[in-house]
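Thanks for making time this morning.

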Amino acid sequence: MSTTQNQPSTAQGEFDVSVSLPPGIKLPLYMDNHATTPMDPRVLEAMLPYFTDKFGNAASRNHSFGWEAEQAVDTAREQIARLIGATAKEIIFTSGATESNNLAIKGIAEMYRERGNHIITQVTEHKAVLDTCKRVEKQGCRVTYLPVKADGLIDIEDLKRAIDDKTILVTIMFANNEIGVLQPIAEIGKLCHERGVLFHTDAVQAVGKVPVDVNAMNIDVLSLTAHKLYGPKGVGALYVRRRNPRVQIAPQIDGGGHERGMRSGTLNVPGIVGLGKACEIAREEMHEEAKRLTALRDRLKEKLESNLDFVHINGSMEHHLPGNLNMSFVHVEGESLLMGINDVAVSSGSACTSATLEPSYVLKALGLGDDVAHSSIRFGLGRFNTQAEVDYVADKVIDVVRKLRELSPLYEMAKEGIDLTKVQWQAH
Ligand SMILES: *Cc1c(COP(=O)(O)O)cnc(C)c1O
């Protein structure tokens, strides 16, 4: 997804956008919390001593510097485990969720090769899962990519049919990073458990936002990352179940045998302390925060829907993350809309690849046409967004969409009730 440039709002293009700046609004304004979150100041405060005074290597066994670092890492393990209903020993530290997803999928494919070579995933996964699946396919695995329905959810019956006697792993994300849709994780976990298949979930967008319980949901392996829950970038974890069943994962990085032999390398102690603190805060505040963000998200949605026609929501609103709103503004070009609101950081439904502007594969998987996908915006509300910000963004989007549509003959025709799919365009 592409994000707007955070430039001061001097260049408004040809549009005279005259929304006055209300009190409490500071520009540029960040509303892209699925891409990354700002760090919570309490997290930074917890991390700081581990850069300076407490700099020990957690693997040093001979002195207090090492013990102190190890103690801090153990505390973080507890904090993370508690948030997802795991035990501390089941937490393996990594450099982030991209690595966690790679370790889970490649490590299981390698370890369970004797038992089978079939993996099941679905089409709207993050690239860290899809590209890893492509890699293991090259190494002899068979991968089934389940489709999603128009609301973004998989059909559990499709999953039932896809499992065969060679299936070793199902990997389905908890919450989607573009459309915020929550997959039926407990149902998937139950099915996998009954069929004796391991279940991995990329829970990056869900952990700390909605309740996650690895036992109640029968999750065997789970990826998470600190920077999507108000922690630092470059640190994450993989939960690996130790009992019922005991999951084995072939290491993908060798050297030293840290992290129960699954992931060697000196631990990033300050980062791990930050991840732990971020999880502790999330556990204490998640419930209230989810209520607040749901209310803010609904306020944004209602303002946009009641002031604009030809808009629609992408992804089931019933099974949805609190802070996510993905909306299409039909007959508006998403990039022009982003330029019109260039002091607000959100993402469009276009992925900037090297040369071309590709519509998002997630939106296309829901059945959206290219132009509707290009007209889509992802709003990602987070801990530090306020109601004043929501109101400012809503007013601004409404204003810019109206101005862009004034210039759009397609919008005029659609408003007059002409079915644009049936128009015979004259060739010149
Ligand atoms: C951000 C994200 C990732 C990648 O996490 P990193 O820690 O940045 O590597 C993986 N999956 C999902 C769903 C994400 O949103």
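I will go from the domains to the cores, and then to the ligand.

What you see is a predicted model, in which local features need pLDDT of at least 70 and side-chain atom pairs count only at pLDDT 80 or more, while totals for chains, interfaces and linings use all residues. Residues are numbered from 1 along each chain as its sequence is written, and side-chain values use heavy atoms, with hydrogens and water left out.

The chain divides into domain 1 (2-39 + 286-422) and domain 2 (41-282), with bounds that come from an automatic or database domain assignment. Their C-alpha centres are 31 Å apart, and 29 residues of domain 1 are in contact with 40 residues of domain 2, where contact means heavy atoms within 4.5 Å.

Turning to the interior, a nonpolar core here is a set of buried Ala, Val, Leu, Ile, Met, Phe, Trp, Tyr and Cys residues joined through side-chain atoms within 4.5 Å, and buried means under 20% relative accessible area, with a 1.4 Å probe and protein chains only. The largest such core has 69 residues, and Leu222 is among those with the most contacts inside it. This core takes at least three residues from each of domain 1 and domain 2. A second, separate core of 30 residues includes Ile25 and Val344.

Finally, the ligand: which polar contacts, meaning pairs of N or O atoms within 3.5 Å, does it make? A side-chain N or O atom of threonine 98 is 2.5 Å from a ligand oxygen atom, and a polar side-chain atom of aspartate 202 lies 2.7 Å from a ligand nitrogen atom.

Conventions
Polar contact = N/O pair within 3.5 Å; in protein donor to acceptor, adjacent residues only side chain to side chain. Buried < 20%, exposed > 50% of the residue type's maximum accessible area, 1.4 Å probe, protein only.
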